[in-house]
Amino acid sequence: MILATIQEFVLTTGILNMDLKSGIMICVALIFLYLAIRRGFEPLLLVPIAFGMLLSNLPLTGIFEHTVTAFDVYMDPSKTETSGGLFYLFYSFNKLGIFPPLIFLGIGAMTDFGPLIANPKSLLLGAAAQLGIFTTFIGAIFLGFTAQEAASIGIIGGADGPTAIFLTTKLAPHLLGAIAVAAYSYMALVPVIQPPIMKALTTKKERMIKMDQLRVVSQREKILFPIFVTVVVVLILPPAAALVGMLMLGNLFKESGCTARLSETASNAFINIVTILLGISVGASAQGPTFLVPETIKIIVLGVLAFAMGTAGGVLLGKLMNLLTGGKINPLIGSAGVSAVPMAARVSQKVGQSENPTNFLLMHAMGPNVAGVIGSAVAAGVLLSMFG
């Protein structure tokens with residue numbers, strides 16, 4: 001009796017139920033935790049993602065057990081709602097497209113569009129950095145993905161996790177796990193991926209260029225900007241309303257001067273809570289048996305190519321603008337056109353300062369950086385209009 005009980009207990013432990021693919025994903029999660037904690041690679045993103053990945057790949061936890069949620073019942077009334085894995089319930093908010101706009105609300109409340117308003121030309125750099133989205137779309141089509149799947153994969157090139165999740169829920173929900181993990185992983189690894197590309201495409205002389213100080217932007221300009229952008233973008237691209245609208249609402253909270261409490265909440269407690277829930281649910285979706293398949297590997301490879309092409313597109317346009325302005329633009333700020341805010345702008349600053357310690361590019365890079373946030377949302381609207 002005692003031996004049978006012990007045997008039954010041993011058989012229900014995770015030790016004897018570990019599979020190779022889950023073991024590989026646990027190792028990946030530990031590497032991510034090391035990069036986040038020891039190396040400081042965007043811990044606010046990477047720690048919850050990595051820990052969610054770790055927990056969901058430990059055997060028999062059931063923490064990401066697929067349950068029938070309200071969303072599933074809505075899509076198929078013949079199903080009956082059931083309870084189940086905690087992280088899967090969190091994940092349903094991604095599937096419903098709820099978390100991404102909420103993240104954008106918080107981002108808007110933390111964003112200063114002043115550098116973009118002061119230097120409108122930086123909008124072009126943000127647009128150029130979306131090159132990775134459309135080139136990767138073409139590459140995904142050649143690899144056999146449908147147009148909807150290719151659009152969802154391509155959006156990884158915008159380096160904007162919420163936008164990638166939002167678009168994928170609309171076009172290719174079956175790829176949501178792989179695309180979300182790829183998008184957020186590459187966002188966190190901006191300091192690793194971007195510098196080699198930036199240095200390969202620029203000369204030392206270009207990297208040392210100092211830029212003139214930006215003009216001071218008035219509060220009136222900052223208040224009118226989110227209203228103007230919302231009206232123009234949504235009139236042209238109605239599918240972008242959820243992302244652009246929430247981004248600009250958050251920014252209006254910040255700049256209006258009369259909603260300090262709302263701005264404080266959106267930019268601190270609110271976005272932190274949503275980031276935790278989104279991060280652990282995204283990480284938990286990377287379960288070895290379903291994640292480590294040929295289709296996912298293709299997405300991971302295409303994702304890094306999309307990110308690289310986006311970085312290259314911004315830098316190359318920066319070089320052209322430098323040529324046209326007689327050497328007044330440092331091409332490094334073009335790499336910040338991907339919308340990983342403010343990580344990409346910090347990388348531009350770091351690479352530029354490594355060549356010239358007296359060079360300060362951060363505020364100049366923030367222009368393309370925040371333009372990239374708008375650009376990725378607009379790109380998502382374009383893709384939704386074409387393939388939604």
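**Helix packing and aromatic pairs in a predicted model**

The buried residues of helix α15 pack against α7 (114-118), α16 (241-255) and α21 (362-387). Here contact means heavy atoms within 4.5 Å, and buried means under 20% relative accessible area, with exposed over 50% and partly exposed in between (1.4 Å probe, protein chains only). Helices (H or I, at least four residues) and strands (E, at least two) are DSSP runs, numbered from the N terminus. The model is predicted, so local features need pLDDT of at least 70 and side-chain atom pairs count only at pLDDT 80 or more, while totals for chains, interfaces and linings use all residues. Residues are numbered from 1 along each chain as its sequence is written, and side-chain values use heavy atoms, with hydrogens and water left out.

The buried residues of α15 are Lys-222, Phe-225, Pro-226, Val-229 and Val-233. The expected span of a helix is 1.5 Å times one less than its number of residues. For the 18 residues of α15 (residues 219-236) this gives 26 Å, and the end C-alpha atoms are 26 Å apart, which agrees. The helix has a kink of about 25 degrees at Phe-225, shortly before the proline Pro-226. The bend at a residue is the angle between axes fitted to the seven residues ending there and the seven starting there.

Glu-255, in helix α16, is buried, with a relative accessible area of 8%. Leaving aside neighbours within four places in sequence, Glu-255 is in contact with Thr-111, Asp-112, Gln-219, Lys-222 and Ile-223.

Helix α16 also packs with α6, at an angle of about 30 degrees and with the axes 6 Å apart. Axes are lines fitted to C-alpha atoms, for helices over the stretch in contact, and angles run from 0 to 180 degrees between N-to-C directions. The crossing of α6 and α16 is right-handed; a crossing is right-handed if the near helix is turned clockwise from the far one by less than a right angle, and left-handed if anticlockwise. Residues of α6 in this packing include Pro-100, Leu-102, Phe-104 and Met-110, and those of α16 include Ala-242, Met-246, Leu-249 and Phe-253.

A pair of aromatic rings is described by the distance of the centres and the angle of the planes. Rings of Phe, Tyr and Trp (its six-membered ring) pair if their centres lie within 6.5 Å; planes under 30 degrees apart count as stacked, over 60 as edge-to-face and the rest as tilted. By this rule the count comes to seven aromatic pairs. In one of them, the rings of Tyr-88 and Tyr-91 have centres 6.1 Å apart and planes at 40 degrees, so the pair is tilted. Both tyrosines lie in helix α5 (residues 86-95), three residues apart, about one turn of the helix. Tyr-88 is buried, with a relative accessible area of 5%, and Tyr-91 is buried at 8%. Ring pairs link Phe-64, Tyr-88 and Tyr-91 into a cluster.

Another pair involves the residue at the kink of α15, Phe-225. The rings of Phe-113 and Phe-225 have centres 5.1 Å apart and planes at 40 degrees, so this pair is tilted. Phe-113 lies in the loop between α6 (99-110) and α7, and Phe-225 in helix α15, so the pair ties together parts that are 112 residues apart in sequence. Phe-113 is buried, with a relative accessible area of 3%, and Phe-225 is buried at 15%.

Two loop residues have a positive phi. Phi of Glu-42, a residue other than glycine, is near 40 degrees. Glu-42 is found in the loop between α2 (20-37) and α3 (43-57) and is buried, with a relative accessible area of 18%. Phi of Leu-60, also a residue other than glycine, is near 65 degrees. Leu-60 lies in the loop between α3 and α4 (70-75) and is exposed, with a relative accessible area of 57%.
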